[in-house]
Amino acid sequence: MRTLWERLLDLLYPPKCAFCGALIPAQRNGICAICEKTLPYTKNGGRQKGNFFTACVSPLYYEEDVRDALLRYKFRHCSGYCRPFGQLVAVCAAENLDQPVDLVSWVPLSSRRLRKRGYDQARLLAEETARRLEKPCVPVLKKTVHTAPQSRTGSAEKRRANISGAYRVTDPALVRGKTILLIDDIVTTGSTFSECARMLGMAGADRVFCASVARSRD
């Protein structure tokens, strides 16, 4: 049951669909009925394989309204989008990963980018996903090197080089023997997930799965 304060906030700031901006009832959880039916959903969870991680799943393709919504989420302070995005990721992971995970974590921002943005969008997404999966959300990685944005780096080879050695495991005891679900907002070449999974594997993680809100078609 929604509190009086929550109902008052709905009157002052009516809930809108994260994807198309249409006004929606609060119980729609951030996605209108039309978008829920027409979003560019992936098939079989958009499952991809990669270096050092077992599989990556994504509920949506990174195009049109999905791309615009994710850009607002990252760069225009629409941090509340983590709720509908987290719901989509949690359902996708639950339906398409072939074994349960022990914990959920995320691909962290560098301290410089975190100060500039004011929040870590992958962390918010991971926390919401973990809540819905009823798993602990644990900060197992730290980005120790500020790198150029992967979206501006170019080829897959350049992306791999750009983030090589940029992450470290915060505490090997947290990951040793664990199956981890690693969260980010978008996956394109998978280079960032691969580098993070490599570090987790070196620290003793048993298996790493990855998930994102959206992926490129190719």
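Predicted model: local features only at pLDDT ≥ 70, side-chain atom pairs only at ≥ 80, totals over all residues.
Trainee: Where does S105 sit, and which residues does S105 touch beyond four places in sequence?

Mentor: S105 belongs to strand β3, residues 103-106. Leaving out residues up to four places away in sequence, S105 touches A126, V138, P139, V140, L181, L182 and I183.

Trainee: Why is S105 called buried?

Mentor: The relative accessibility of S105 is 0%. Buried means under 20%, and therefore S105 qualifies.

Trainee: Which residues have the most contacts inside the largest nonpolar core?

Mentor: They are F19, L60, L70, F85, L181 and I183, in a core of 37 residues. Helix α4 gives the most to this core, with six residues.

Trainee: How do you know that the length of α4 agrees with that of a helix?

Mentor: At 1.5 Å a residue, the 15 residues of α4 should span 21 Å. The end C-alpha atoms of α4 are 20 Å apart, which agrees with that expectation.

Trainee: Against which elements do the buried residues of α4 pack?

Mentor: These residues, including F85, L88 and V89, pack against β1, β2, α3, α6, β6 and β7.

Trainee: Why is the pair of F19 and F85 called tilted?

Mentor: The ring centres of F19 and F85 are 5.7 Å apart, which is within the 6.5 Å limit, so the rings pair.

Trainee: What makes the pair of Y81 and F85 edge-to-face?

Mentor: The centres of Y81 and F85 are also 5.7 Å apart, but the angle between the planes is 75°. That angle is over 60, so the pair is edge-to-face. F19, Y73, Y81 and F85 form one aromatic cluster.

Trainee: How do you know that F19, F85 and Y81 are buried?

Mentor: The relative accessible area is 3% for F19, 0% for F85 and 16% for Y81. Each value is under 20%, so F19, F85 and Y81 count as buried.

Technical notes:
Residues numbered from 1 in each chain as written. Heavy atoms only, no water. Helix = DSSP H or I, 4+ residues; strand = E, 2+ residues; numbered from the N terminus. Buried < 20%, exposed > 50% of the residue type's maximum accessible area, 1.4 Å probe, protein only. Contact = heavy atoms within 4.5 Å. Core = buried A, V, L, I, M, F, W, Y, C linked by side-chain atoms within 4.5 Å. Expected span 1.5 Å × (residues − 1). Phe/Tyr/Trp six-rings, centres within 6.5 Å; stacked < 30°, edge-to-face > 60°.
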